[in-house]
Amino acid sequence: MDIVVSGIRSTGNLHLGNYFGALRNFIRMQDENTCFFFIADIHSLTTHPDPKSLHANVKNVLVDYLAAGIDPEKSIIYLQSDIPEIAELYLYLNMHAYLGELAKTTSFKEKARKQPDNVNAGLLTYPTLMAADIIIHHADKVPVGKDQEQHLEMTRRFARRFNNFYGVEYFKEPVAYNFGQELIKIPGLDGSGKMGKSEGNAIYLSDAPEVIEKKVKRALTDSGPKEFNSPKPDYIENLFTIMRVVSEPEVVHHYEELWNKCEIRYSDMKKQLAEDIIKVTSPIRERILEIEKDDAYLHKVTTEGAEKARESASKTLNEVREIMGFKPF
Ligand code: TRP
């Protein structure tokens, strides 16, 4: 059994893109690995959320993940802020992380550009905190998207550096696990290449059926194909891409045919598409509505998760302290 660690951003609800992208793979990974999934709420402090919205965001994300199928019977689910050992390891790793390498990280440069009034040290040391998250459980694999590869590269470097400095072979060097071919990219409904929260074109797992219908209805289309078998413009291809993941193959085929014969009626296609999206999301939405009211369940999941995660983390910290020379008299 490999050890898998992944952090979940505590911003925004899950949308179809998240679901058909990483999330479904997280769900599958739970059976063959020891998985640690946590909500990266300390990381979220870099943008200075107010306490109320911080808690609300954490709850939303937690509820969405549980509803979608992250299973506390199989995986260890916890909040980063419940594991003080992570912060401690982060502190130690920072002693061996250098300004030059941190300052040239792509995500840091981007953030510094986006929030020039708040270029805090937490932003600079985001990669050391992420490294602590990962190596604290001796992860073998980290399921992340392309945008996190540099952070993972730094994680390996920090692990190696610790080992070299202290002359030990203690930390493993984890690899990115990015699902290869399987990762399906869900496009937006506005003709853009990607469904995303910041793009404002997303269908959320928690959206009510009427909301989904409305969003699909508004999706960008045109007056229809003018010639038989003509290539589809991107925004039409996008609708077909979504249809391919939510609808039966015959349904997709049917609309492909209509397109090719210039007989497609977008309103029909959209109606079908909305219906099939709702088929996928409504069981998840029902669980969201149940779980979000169930404070006792959320309390249980997070306390039990924290307990298990701390067991692993405190073992590591005891060993790390000893390696570093912190010893009792
Ligand atoms: N940086 C990751 C993201 O933005 C979130 C994250 C924090 C993470 N710590 C992690 C991912 C550890 C994997 C492992 O998506």
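Start with the largest cavity, whose lining residues split into 10 nonpolar, no polar and no charged. For that tally, Ala, Val, Leu, Ile, Met, Phe, Trp, Tyr, Cys and Pro are nonpolar, Asp, Glu, Lys and Arg are charged, and the others, Gly among them, are polar.

Some ground rules before you click on. You're looking at a predicted model, where local features need pLDDT of at least 70 and side-chain atom pairs count only at pLDDT 80 or more, while totals for chains, interfaces and linings use all residues. Residues are numbered from 1 along each chain as its sequence is written, and side-chain values use heavy atoms, with hydrogens and water left out.

**Stop 1: the largest cavity**

Select Ile8, Phe37, Phe38, Ile39, Leu62, Tyr65, Leu66, Ile70, Ile77 and Tyr78 and you have the lining of the largest cavity. The elements giving two or more residues to that lining are β2, α2 and β3.

On a 1 Å grid over the protein atoms alone, a cavity is a set of points where a 1.4 Å probe fits but cannot get out; a pocket is an open set with protein on both sides within 12 Å along at least five of seven lines; and lining residues have an atom within 4 Å of a point. Grid points are joined across faces, edges and corners, and a volume is the space filled by probe spheres set on the points. By this rule there are 2 cavities of 30 Å³ or more.

**Stop 2: the strands beside it**

Now colour strand β3, residues 76-79. Which way do its side chains point? Ile76 and Tyr78 go one way, Ile77 and Leu79 go the other, and all are buried, meaning under 20% relative accessible area with a 1.4 Å probe and protein chains only (exposed is over 50%, partly exposed in between).

Phe38 stands opposite Tyr78 in β3. Trace the chain from β2 through helix α2 (residues 51-68) to β3 and you follow a right-handed β-α-β crossover: with the strands pointing away from you, the path from the first strand over the helix to the second runs clockwise.

**Stop 3: the second largest pocket**

Next, select Asp41, Leu54, His55, Val58, Lys59, Leu62, Leu79, Asp295, Leu298, His299, Thr302 and Thr303, which line the second largest pocket. Two or more of these lining residues come from each of α2 and α13 (295-324). The pocket holds about 250 Å³ of space, and its lining divides into 5 nonpolar, 4 polar and 3 charged residues.

**Stop 4**

Jump to Leu93, His96, Phe158, Arg161 and Phe162, the lining of the second largest cavity. The volume of this cavity is about 30 Å³. Helix α8 (residues 149-166) supplies the largest share of the lining, 3 residues, and the lining as a whole is 3 nonpolar, 1 polar and 1 charged.

Then pick Thr128, in helix α7 (residues 126-135). Is Thr128 buried or exposed? It counts as buried because its relative accessibility is 0%. Leaving out residues up to four places away in sequence, Thr128 touches Tyr90, Leu93, Asn94, Ala97 and Phe158, where contact means heavy atoms within 4.5 Å.

**Stop 5: two loops with positive phi**

Go to His138, in the loop between α7 and β4 (141-142). His138 isn't a glycine, yet its phi is positive, about 55°. Asn229, also not a glycine, has a positive phi near 55°, and you'll find Asn229 in the loop between α9 (209-217) and α10 (234-246). Asn229 counts as exposed because its relative accessible area is 56%.

**Stop 6: Val280, then zoom out**

Select Val280 in helix α12 (residues 266-291). Neighbours within four places aside, Val280 contacts Tyr19, Phe20 and Val246. Its C-alpha is 8.7 Å from that of Leu205, 75 residues away along the chain.

Finally, show everything: the protein has 13 helices and 5 strands, and its C-alpha trace spans about 85 × 45 × 40 Å along the principal axes. Of the 329 residues, 47% are buried.

Terms used:
Helix = DSSP H or I, 4+ residues; strand = E, 2+ residues; numbered from the N terminus. Pairing = 2+ DSSP bridges.
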